[in-house]
Amino acid sequence: MTPVFSGVTHMFSPNDLEAYWMPFTANRAFKSSPRMLVAAKDMHYTSADGRQILDGTSGLWCCNAGHGRAKITEAIQRQAAEMDYAPPFQVGHPAAFELANRLTDIMAGDLNHVFFTNSGSEAVDTALKIALAYHKACGNGGRVKFIGRDKGYHGVGFGGISVGGLGGNKKQFGNQLPGVDHMPFFYDKATSAFSKGQPVHGADIADDLEAIITLHDASTVAAVIVEPVVGSAGVFVPPKGYLERLRAICDKHGVLLIFDEVITGFGRLGTAFGVDKFKVVPDLVTTAKGLNSGTVPMGAVFARDGIYRAIVDGAPEGAIELFHGYTYSAHPLACAAALAAQAVYKEEDLFARAGALETYWQGAAHALKEAQHVVDIRNIGLVAGIELAPRAGKPAARAFDVFLKAFEKGLLIRTTGDTIALSPPLIISKTEIDQIFSTLLDILKETA
Ligand SMILES: Cc1ncc(COP(=O)(O)O)c(C=O)c1O
């Protein structure tokens, strides 16, 4: 295709839908029948046609405090007026340091250092690079390989899609990181379908990690990365004992363990992090989304003391220790929003609130067991996955139909493949939980 440069093309383009190339969206289908959101408050969006839409997905797993929270909005406004931007290289601003302290206060173990990014994808690529830099600083520069897991989602950077285990996210982009292998997926529907919380069976599949590390030779392996709870591939909860085994195998071989907590962080599981829920402390933790309740793009990587110390103390005095960072790392608006969001979480005890609702949520989700098309239900914290039987020859079509009908009926859900994934704001009421599942039940009854 030869591009034609014609200078100024339109003084006034019509405000049509073509210019915006939408992410992870069927652009043509959307643009022929758009779904527009124009406002949001607490548990609801308002659609362009004036309807209230109950948010069953915290936007995209991120607005954990609900929408339009005055404290967060005001903090962003104040910060924008006071100092819009500060460069993060060789200069600092107080909110970045304060936020790192507030975050390490709530993080377990000695994960005491925070590197800021602008998204979950950047947090993942940052964590992979920190793992490489750590081994190099320790004199183990041969440790360059990564091990992910089948069905893993770690964002869309080249690092993330390489360690990720979703074919759909790789197939258009042939060239990925070399030296990456994948563990098999842990979930066995035959033994674990309709488990409430963590399945009882399946921990032994973690032992495949031992075989993979041995195959590559431990001296070449830098890190293993997993989501503690699989989100994007359709909500899969790790079997009891599984994460503990991964930790033990990594320890045995000097391999770093990375938890990707981009969706499990900040209360989603009824605890601050998956680290607390499963009582397994990894070496690096990636976060984003709920960090500032989805209000300003931001991600963060937590690193254990020993990792930070090895890289920082290992460099010559006065030298930049890690050649990595983003123009918008620790952006003042994102930091202000995060400090306010963390304050809201604490004042309203929202992580514990999610934990207290878990049993009710679980009961409401599993009440759909006998509904038409339902083949599995999985849950933990305030997350649920309701898997539907696919239509013959048309994977994902049935669930997407449910998504469209739900939107029409005033409920926002998310579907991935044929699974409905639910992750509401942590301020949800029992009445609203009932509303989510009764709406879904009605829709499933009328869905072919
Ligand atoms: C586990 C996990 N990691 C990484 C990402 C990527 O985050 P982002 O879309 O902010 O780049 C996501 C997004 O859903 C995620 O679920």
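Entry 1: Which helix gives the most to the shell around the ligand? I looked it up, keeping in mind that this is a predicted model. Helix 5, residues 120-137, comes out on top with 3 residues. The whole shell counts 14 residues, and the closest are S119, G120, S121, G155 and V262. I then sorted the shell by class and got 7 polar, 5 nonpolar and 2 charged residues.

**Entry 2: overall build.** I counted 15 helices and 15 strands in the protein. Its C-alpha atoms fill a box of roughly 65 × 60 × 55 Å along the principal axes. I checked the radius of gyration too: a compact globule of 448 residues would have one near 22 Å, and the protein has 22 Å, so the two agree. Of those 448 residues, 47% count as buried. I also looked at contacts between residues at least 6 apart in sequence, and 72% of them join residues at least 24 apart.

**Entry 3: two domains.** How does the domain assignment divide the protein? Domain 1 is made of 27-69 plus 349-446, and domain 2 covers 73-347. Their centres, taken over C-alpha atoms, are 26 Å apart. Domain 1 brings 33 residues to the contact and domain 2 brings 30. On the domain 1 side, the elements giving two or more residues are helix 2 (58-61), helix 13 (350-366), strand 11 (374-380), strand 12 (383-388) and strand 15 (419-422). Helix 13 gives the most there, with 7 residues. By class, I have that side of domain 1 down as 14 nonpolar, 13 polar and 6 charged residues.

**Entry 4: strand 5.** Is strand 5 (residues 145-149) mostly covered or mostly open? It is mostly covered, with 5 of its 5 residues buried. I went through it face by face: K145, I147 and R149 are buried on one side, and F146 and G148 are buried on the other.

Then I looked for its partners. Strand 5 runs parallel to strand 7 (residues 221-226), joined by 3 bridges, and F146 stands opposite A223 in strand 7. Strand 5 also runs parallel to strand 6 (residues 180-183), this time with 4 bridges. There, R149 has M183 of strand 6 as its bridge partner.

How values were computed: Residues are numbered from 1 along each chain as its sequence is written. This is a predicted model: local features need pLDDT of at least 70, side-chain atom pairs count only at pLDDT 80 or more; totals for chains, interfaces and linings use all residues. Domain bounds come from an automatic or database domain assignment. Two residues are in contact if their C-beta atoms, placed from the backbone, lie within 7 Å. Ala, Val, Leu, Ile, Met, Phe, Trp, Tyr, Cys and Pro count as nonpolar, Asp, Glu, Lys and Arg as charged, and the others, Gly among them, as polar. A residue is near a molecule or strand if its C-beta atom, placed from the backbone, lies within 6 Å of it. The radius of gyration is taken over C-alpha atoms; the globule rule is 2.2 Å times the number of residues to the power 0.38. A residue is buried if 20 or more other C-beta atoms lie within 10 Å of its own, exposed if 12 or fewer, and partly exposed in between; C-beta atoms are placed from the backbone. Two strands pair if DSSP finds at least two bridges between them.
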